[in-house]
Amino acid sequence: LRPINELDLENPSANETYEELTPLLHKLTQQKATIKRQLADAYQKQKEFRLITENMTEGVLVIDQQMNLLSSNQAARRLLNAGEANQIGSVLILNRTRPFRTAIEKALGGQRAECRMEQGKSTYQLIASPVHEEERTIAAVVLLLDVTESVRGEMLRREFTANVSHELKTPLQGIIGS
């Protein structure tokens, strides 16, 4: 067994040993190359994902079935007033409001959820979608959109319409009365 125990598995093709071990060493060399290529592909995909999500203005959270935060972009951490992602375990540390929890629970239960959430003077649209693997839900993706300006614009429009309606009714009532 000494020749087998002394094999350099980091560099299988450089070993000088029995001819009978050559097929094994060749297979190890091929598998090592395959693993190296697969790791390079995985790192490239991870880099592309991070590049895309970090340049988004919308917040993105990826949550596992146990409600642990797997990934978050800078916009999500900013919108939720959170620190760095590596300091966070449970996603509920970011926000404990009922709409936030309910949306995440629904998504992890296999249903898409959409709601509005107030935080300070800001309003966020929260969209939570389940991630399925075959028949079961394995994670959830949460998208946070800052809709504060849209909500304020809608409120101003309603106030303006109510004021115009009121201001027009007064002179019209006078005309109708006379």
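**Entry 1: glutamine 119**

I began with glutamine 119, setting aside its neighbours within four places in sequence, and found it in contact with Leu79, Leu80, Asn81, Asn95 and Tyr124. I note here that the model is a predicted one. One of these contacts is polar: the side chains of glutamine 119 and asparagine 95 are joined at 3.1 Å. Is glutamine 119 buried or exposed? Its relative accessibility is 18%, so it counts as buried, the cut-off being under 20%. I placed glutamine 119 in strand β3, which covers residues 113-119.

**Entry 2**

I then went along β3 and looked at where the side chains point. They alternate. Ala113, Cys115, Met117 and Gln119 point to one face and are buried. Next I looked up the pairing of β3 with β4. The two strands run antiparallel and are joined by 7 bridges. For glutamate 114, the bridge partner in β4 is isoleucine 127. The hairpin of β3 and β4 has 2 residues between the strands, and glycine 120 there takes a positive phi near 65 degrees.

**Entry 3: strand β1**

How many of the residues of β1 are buried? I counted 6 of 6, so the strand is mostly covered. Gly59, Leu61 and Ile63 point one way, Val60, Val62 and Asp64 point the other way, and all are buried. I found two antiparallel partners for β1. β5 is joined to β1 by 6 bridges, and β2 (residues 69-72) is joined to β1 by 3 bridges. Leucine 61 stands opposite serine 72 in β2.

The hairpin of β1 and β2 has 4 residues between the strands. Methionine 67 is buried, with a relative accessible area of 16%.

**Entry 4: aspartate 64**

Aspartate 64 lies in β1, which covers residues 59-64. I searched for a salt bridge to this buried residue and found none. Which side chain of opposite charge is nearest to aspartate 64? It is arginine 136, 11 Å away; a salt bridge needs the atoms within 4 Å. What I did find is that the side chain of aspartate 64 reaches the backbone nitrogen of asparagine 68 at 2.7 Å. Leaving aside neighbours within four places in sequence, aspartate 64 is in contact with Leu70, Leu108, Ile138 and Ala139. Alanine 139 is also the bridge partner of aspartate 64 in β5.

**Entry 5: the nonpolar core**

I looked up the largest nonpolar core and found 24 residues in it. Leu61, Val91, Phe100, Ile104 and Leu144 have the most contacts inside this core. At least two core residues come from each of β1, α3 (74-79), α4 (98-108), β3, β4 (122-133) and β5 (136-146). Which element gives the most to the core? It is α4, with 5 residues.

I took leucine 144 for a closer look. Neighbours within four places aside, leucine 144 is in contact with Glu58, Gly59, Leu61, Ala76, Leu79, Leu80, Met117, Gln125 and Leu126.

**Entry 6: salt bridges**

I counted 6 salt bridges. In one of them, the side chains of glutamate 10 and lysine 32 meet at 3.5 Å, N to O. Glutamate 10 is in the loop between α1 (2-5) and α2 (22-54) and lysine 32 is in helix α2, so the pair ties together parts that are 22 residues apart in sequence. Glutamate 10 is exposed at 61% relative accessible area, and lysine 32 is partly exposed at 33%.

Arginine 136 came up again here. This residue forms a salt bridge with glutamate 133, with the closest N and O atoms 3.6 Å apart. Arginine 136 is exposed at 54%, whereas glutamate 133 is partly exposed at 42%.

In the loop between β4 and β5 I also found glutamate 134. Its phi is positive, about 60 degrees, although it is not a glycine. At 77% relative accessibility, glutamate 134 counts as exposed.

Last, I looked at helix α5 (residues 148-177), where glutamate 149 and arginine 152 lie 3 residues apart, about one turn of the helix. They form a salt bridge with closest N and O atoms 3.5 Å apart. I also noted that Glu154, Arg157 and Arg158 are linked in a network of salt bridges.

Definitions and conventions. Residues numbered from 1 in each chain as written. Predicted model: local features only at pLDDT ≥ 70, side-chain atom pairs only at ≥ 80, totals over all residues. Heavy atoms only, no water. Buried < 20%, exposed > 50% of the residue type's maximum accessible area, 1.4 Å probe, protein only. Polar contact = N/O pair within 3.5 Å; in protein donor to acceptor, adjacent residues only side chain to side chain. Contact = heavy atoms within 4.5 Å. Lys, Arg positive; Asp, Glu negative; His and termini not counted. Core = buried A, V, L, I, M, F, W, Y, C linked by side-chain atoms within 4.5 Å. Pairing = 2+ DSSP bridges.
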